[in-house]
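Please look over the sequence and the model first.

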Amino acid sequence: MVRPKTEEEIELLRENAILVSRTLAEVGKWVAPGVTTAKLNEVAETFIRDNGAIPSFLGYEGFPAAICASVNDVVVHGFPSDYVLREGDIFTADIGTLYKGYNGDSAYTYPVGEVSAETRKLLDVTKASLYKGIEAAVAGNRVGDIGHAVQSYVEGYGFSVVRELEGHGLGKSMHEEPGVPNYGRPGHGPRLVEGMVICIEPMINAGGRGVYLARNGWAVHTADHKRSAHFELTVVVRHGKAEQLSTFDYIESTGKF
């Protein structure tokens, strides 16, 4: 059984979610051609620590950085590096915090300068599919309803869902039950109950759904090397309508993305 969170726990998770959301916005200020992903990692880690939290990804199962920095055909778990962002790239920052004993986790895919119409469509559809998933994250539904909402939306645009990776519960641990795949059948999977806190995170490929693991044991690439987008928000399952804890408002209020 998945234990729902108390309202006190939800408030602590909300504090983390807001901090992660603000960190993503801080990173977004720096996303531009000519900037290295290592610099973006530095920006995120400094901001998290300056706000009294710990970057929870750093050292997690040996991960070497504060953020997952994924460019173009990297779906998730890319290492920050000396790679210099170029006009037309896409860059995903996946960021976690640990504050007051609870975790935050959110991700955003940024266009670097001007991107192609095809890439813009991938970003827009992936983000829209996240909100479709959130609409299904209500008490009484099942996890499969979330996955079906995401899958049916993106496949309608000719994109594909990565099957090997999924969303998850969130609390004192970064990854808790239930797993939240981005594909599924309505009415199947664990039942969603009031107070569950979950991360919904569509990882959507422009081409086929196949992926492979890089030699470093972390970065996941698309098998056909076409681009992949990733957006993630943390929500509380409620009756009638899910409650968002993290938000993209801080990023998008700048008008840059």
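The buried residues of H4 are Val 143, Gly 144, Asp 145, Ile 146, Gly 147, Ala 149, Val 150, Gln 151 and Val 154. Buried means under 20% relative accessible area, with exposed over 50% and partly exposed in between (1.4 Å probe, protein chains only). This is a predicted model: local features need pLDDT of at least 70, side-chain atom pairs count only at pLDDT 80 or more, and totals for chains, interfaces and linings use all residues. Residues are numbered from 1 along each chain as its sequence is written, and side-chain values use heavy atoms, with hydrogens and water left out.

- Helix H4 covers residues 143–155. Helices (H or I, at least four residues) and strands (E, at least two) are DSSP runs, numbered from the N terminus.
- The 13 residues of H4 should span 18 Å at 1.5 Å a residue, and the end C-alpha atoms are 18 Å apart, which agrees. The expected span is 1.5 Å times one less than the number of residues.
- The buried residues of H4 pack against helix H3 (117–135), strand S6 (160–161), S8, S9 and strand S10 (203–205). Contact means heavy atoms within 4.5 Å.

**Helix H2**

- Thr 37, Leu 40, Asn 41, Val 43, Ala 44, Phe 47 and Ile 48 are the buried residues of H2.
- These residues line one face of the helix, because they fall within an arc of 160° seen down the axis of H2. The arc is that of the directions from the helix axis to the C-beta atoms.
- Their cover includes helix H1 (7–30), strand S1 (54–55), strand S2 (67–71) and strand S4 (90–99).

**Pocket and cavity**

- On a 1 Å grid over the protein atoms alone, a cavity is a set of points where a 1.4 Å probe fits but cannot get out; a pocket is an open set with protein on both sides within 12 Å along at least five of seven lines; lining residues have an atom within 4 Å of a point.
- The largest pocket is lined by 22 residues. Tyr 60, His 77, Asp 94, Leu 165 and His 175 lie nearest its centre.
- Val 2, Arg 3, Lys 5, Glu 176, Glu 177, Pro 178, Met 196, Val 197 and Ile 198 line the largest cavity.
- Strand S8 (176–180) and strand S9 (197–200) are the elements that give two or more residues to this cavity lining. S8 gives the largest share, three residues.
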